[in-house]
Amino acid sequence: MRIPVVAAGAAYDVVVAEAFGGLGATLAERREPGRCVVVTNPVVGPLHAAALLAELRGARWLPEVLEVPDGEANKTLASWQALVEGLLVARVDRQTPILALGGGVTGDLVGFAAASVLRGVPLVQVPTTLLAMVDSSVGGKTGVNTPHGKNLVGAFHQPELVWAALDTLRTLPDAELRCGFGEVVKHVVIRGEQALAACEALAPALLARDADALAHVVADSVRTKAEIVAEDPLEAGRRAILNLGHTLGHAIEAVCGYGVIRHGEAVALGLLGVTRYAAGRGWLVEPGFPARLQALCGALGLPTHVPPGVDTAALVAAVGFDKKRTRGMLRLVVPSAPGRIDLRSIAAEEVPALVEALPSLAASDPVAPRASSWSP
Ligand SMILES: NC(=O)c1ccc[n+]([C@@H]2O[C@H](COP(=O)([O-])OP(=O)(O)OC[C@H]3O[C@@H](n4cnc5c(N)ncnc54)[C@H](O)[C@@H]3O)[C@@H](O)[C@H]2O)c1
Ligand SMILES: [Zn+2]
């Protein structure tokens, strides 16, 4: 399946395929085969680099391999500098494609190096996590973390090809797969009723890693993101709706501790929270929407309530630090209905009510909590 993306003057395809077969030839449609550099990490490299290298060689490419360290903690300026130096030592030029093989961490880091070395060399994203397939590999945002916060240094650099080989997901741990489901739920809510209903119907198959079901949601998510990115490639306005669920999600991640709850799980909870808050404000078209989303999250193995013992005051403080807060007002992405996402501003004084809308295990919670995937 080939999904075209047009963004900021660039046009490229996202290919959702079973494996790597055809990647080399597809890349050769863009430029004459020659040297290229595959950058991966010590976790993904041993699992998937050999197949990618064989595919590239079979299509007359001459790949070299570089490694970056794995993990969010290594998505740093130091890793970026080491990679840029590695690329310069490898004597890349403006015709040398750099292929990022790995999850979103590797994609963001390699993407930023490709954006900056020689002021930009061709980038190919080869995402190997569900999250990277449905989210981070599409849209051209690249970057690294700093001690001041996540993703604060980076560049927009559109890839010239994205190749999502679903077979690579076979080695992905369940918890990482779930993380991707969090962003999938976000995308189907943005896309609309039909996508949401399809995802509900596919939930058991998705949990069981059924290849057709995964292909369906990956392609649908990519289309959703591609359409929004095409409208607003540099996030001047509408693209902000992709932050749905992230205001509360980032706060939950920060307060629970990165790694205790994963990003996609926190985003799912954030989505539930903001939808329930919107219900309280009378902003929802259908009052049953929060319960419907909670059921979908449960069916996908995502948490349906905030882990016990999380400090509400800490969450309120963490929301206050959210990047989207301006002049005492908080910008909030509100799912008024499937397919109808609104940007609203709420007063800072409303933040406690927003946090309290998160589903919790408290007895007073109107929506019965379900067993969740969360584990301490
Ligand atoms: N650029 C964007 O638009 C954008 C959007 C969303 C998220 N992100 C970024 O993405 C990052 C998160 O990405 P992620 O969730 O993919 O995490 P990740 O890259 O850390 O991957 C999770 C773990 O799984 C391993 N892994 C990857 N593929 C595997 C496979 N097929 N089999 C076995 N193990 C595998 C990784 O090496 C890592 O250890 C964050 O840094 C976030 O900021 C960026
Ligand atoms: Zn996210």
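Predicted model: local features only at pLDDT ≥ 70, side-chain atom pairs only at ≥ 80, totals over all residues.
Residues are numbered from 1 along each chain as its sequence is written, and chains are lettered from A and ligands numbered from 1 in the order of writing. Local features need pLDDT of at least 70 and side-chain atom pairs pLDDT 80 or more, whereas totals for chains, interfaces and linings use all residues; side-chain values use heavy atoms, without hydrogens or water.

The zinc ion (ligand 2) has three protein donors: Glu-183 (OE), His-246 (NE2) and His-263 (NE2). They lie 1.9 to 2.1 Å from the ion. Donors are N, O and S atoms within 2.8 Å of the metal (3.2 Å for Na, K and Ca); water is not among the atoms, so sites may look incomplete. Along the chain, the donor spacing is E-x62-H-x16-H. Glu-183 in helix H6 (residues 174-191) and His-246 in helix H9 (residues 246-256) link distant parts of the chain, 63 residues apart. Helices (H or I, at least four residues) and strands (E, at least two) are DSSP runs, numbered from the N terminus. Both Glu-183 and His-246 are buried. Buried means under 20% relative accessible area, exposed over 50%, and partly exposed in between (1.4 Å probe, protein chains only).

H6 also packs against helix H10 (residues 263-280). The angle is about 35 degrees, and the axes are 6 Å apart. Axes are lines fitted to C-alpha atoms, for helices over the stretch in contact; angles run from 0 to 180 degrees between N-to-C directions. Contact means heavy atoms within 4.5 Å. The H6 side includes Arg-178, Gly-182, Glu-183 and Val-189. The H10 side includes His-263, Glu-265, Val-267 and Leu-271.

Strand S9 (residues 161-165) is mostly covered, with 5 of its 5 residues buried. Leu-161, Trp-163 and Ala-165 lie on one side, Val-162 and Ala-164 on the other. Strand S2 (residues 10-17) runs parallel to S9 and is joined to it by 5 bridges. Strand S6 (residues 123-127) is also parallel to S9, with 2 bridges. Two strands pair if DSSP finds at least two bridges between them. Val-162 is the bridge partner of Val-14. Gln-125 also stands opposite Val-162.

Helix H11 (residues 289-299) has buried residues including Phe-289, Leu-293, Leu-296 and Cys-297. The buried residues of H11 pack against H6, helix H7 (193-207), H10 and strand S11 (329-337). Gly-301 follows H11, with a positive phi near 75 degrees.
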